[in-house]
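Dear colleague,

Please find below the structure that I am handing over to you. My notes on what was found in it follow directly after.

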Amino acid sequence: MTDLSLSNKAIAGKTAPPAEARSLRLPTQWLGVTPFFIFAVMFLILPTLYLMLGAFQNEAGEFTFANIVALFSANIVAAYWISIKVSLASSLIGAFAGLAIAIAIVRGGLPDWIRSATLTFSGVASNFAGVPLAFAFIATLGRLGLVTVLLNTLVGLNLYAHGFNLLSFWGLTITYVYFQIPLMVVIIVPAIDGLKREWGEAAATLGATQAQYWRMVVIPVLWPSFLGTVILLFANAFGAIATAYALTGSSLNIVPILLYAQIRGDVLHNAHLGYAIAFGMIFITGLANIFYIWFRTRSERWLK
């Protein structure tokens, strides 16, 4: 028995690494996420800190509150208000339309291929923005766009004679809705998938009608996810510039276009005021994301 114990100890001593080697083991599990942290620091954290610092400086690099005070001037407040209205309108329209589509493809009894096709298209369309999207809407709903001409030719409906203008508040809102609806579908589908069938069966067993089941079970469960997604859609539209600039130019004075004019424009060139405008946008979108995370955390309790 003694010889066997000594033999086992000798084998263990040969196979087990020394304590020093175990303590010097490199954290290789972190290598996979290193590019993400490098990207976040270089293109998100450092630029944000630079903008926040520049918002409280003048041209000489001295500390000042003048740029923050200038945010309350009439034209900048109007730009923020227009951006908030466009973002809120497009997020609400996109949220309700996307929710209806998501419920139809998940719980509507449609064929499986419709769900796959819808989710695939939504994943692509939610990232379709900028100059291509602006050109697509000009070619479709512009004064000489395809839909505009067809409506005027076939049914005698002249959209522009009835007050519609693509280069206006509602024109930009409709354009934003194009990528807001699919984004809503992509985000809300997992929440609808989390609705357990046992809940419906239990409600039916207790004598609840379909309307009572939706009012007392489905809506309270989906409500945090819905509100969180609306806030995310709001932040998504509030920071969009490429689509708005390519579509309206400077005819619609929203915050991202005003910011671009302050930093890169020939007339309204005040970089530090632009930093202050960007600081205001960061504050609004950051607040929106905080609420989104809070609502998301509440909704995940039901999805586990």
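The secondary structure of the protein chain comprises 14 helices and zero strands, where helices (H or I, at least four residues) and strands (E, at least two) are DSSP runs numbered from the N terminus. Read along the sequence, the pattern is accordingly α-α-α-α-α-α-α-α-α-α-α-α-α-α. This is a predicted model, in which local features need pLDDT of at least 70 and side-chain atom pairs count only at pLDDT 80 or more, while totals for chains, interfaces and linings use all residues. Residues are numbered from 1 along each chain as its sequence is written, and side-chain values use heavy atoms, with hydrogens and water left out.

Of the 304 residues in the protein chain, 35% are buried. Buried means under 20% relative accessible area, exposed over 50%, and partly exposed in between (1.4 Å probe, protein chains only). A contact means heavy atoms within 4.5 Å. Among contacts between residues at least 6 apart in sequence, 70% join residues at least 24 apart.

Helices H7 and H8

How do helix H7 and helix H8 lie relative to each other? The axes of H7 (residues 131-141) and H8 (residues 146-154) come within 3 Å and cross at roughly 10 degrees. Axes here are lines fitted to C-alpha atoms, for helices over the stretch in contact, and angles run from 0 to 180 degrees between N-to-C directions. H7 and H8 are therefore roughly parallel to each other; angles under 35 degrees count as roughly parallel, over 145 as roughly antiparallel, 65 to 115 as roughly perpendicular and the rest as oblique. On the H7 side the contact is made by Ala139, Thr140 and Leu141, and on the H8 side by Leu146, Val147 and Thr148. These residues divide into four nonpolar, two polar and no charged. For this count, Ala, Val, Leu, Ile, Met, Phe, Trp, Tyr, Cys and Pro are nonpolar, Asp, Glu, Lys and Arg are charged, and the others, Gly among them, are polar.

Thr148, which lies in H8, deserves a separate note. Thr148 is buried, with a relative accessible area of 4%. The side chain of Thr148 reaches the backbone oxygen of Gly142 at 2.8 Å. Such a polar contact is a pair of N or O atoms within 3.5 Å; within protein, one must be able to donate a hydrogen and the other to accept it, and residues adjacent in sequence count only if both atoms are side-chain atoms. Leaving aside residues up to four places away in sequence, Thr148 touches Thr140, Leu141, Gly142, Arg143, Leu157, Leu159 and Tyr160.

The salt bridge

How many salt bridges does a search of the whole structure find? The search finds one, a salt bridge being a side-chain nitrogen of Lys or Arg within 4 Å of a carboxyl oxygen of Asp or Glu. Asp193 forms it with Arg115, the closest N and O atoms being 2.7 Å apart. Asp193 lies in helix H9 (residues 169-193) and Arg115 in helix H6 (residues 112-125), so the pair ties together parts that are 78 residues apart in sequence. Asp193 is partly exposed at 37% relative accessible area, and Arg115 is also partly exposed, at 27%.

Ile174 is likewise found in H9 and is partly exposed, with a relative accessible area of 36%. Not counting residues up to four places away in sequence, Ile174 touches Phe137 and Phe164.

Thr64

Is Thr64 buried or exposed? Thr64 is buried, with a relative accessible area of 17%, and its place is in the loop between helix H3 (34-54) and helix H4 (66-70). A polar atom of the Thr64 side chain lies 3.0 Å from the backbone nitrogen of Ala66. Thr64 touches Ala55, Phe56, Gln57 and Asn58, not counting residues up to four places away in sequence.

Leu227 is in helix H11 (residues 210-238) and is partly exposed at 23% relative accessibility. Leu227 and Tyr292 are 65 residues apart along the chain, and their C-alpha atoms are separated by 7.7 Å. Leu287, in helix H14 (residues 271-303), is partly exposed with a relative accessible area of 40%.

Yours sincerely
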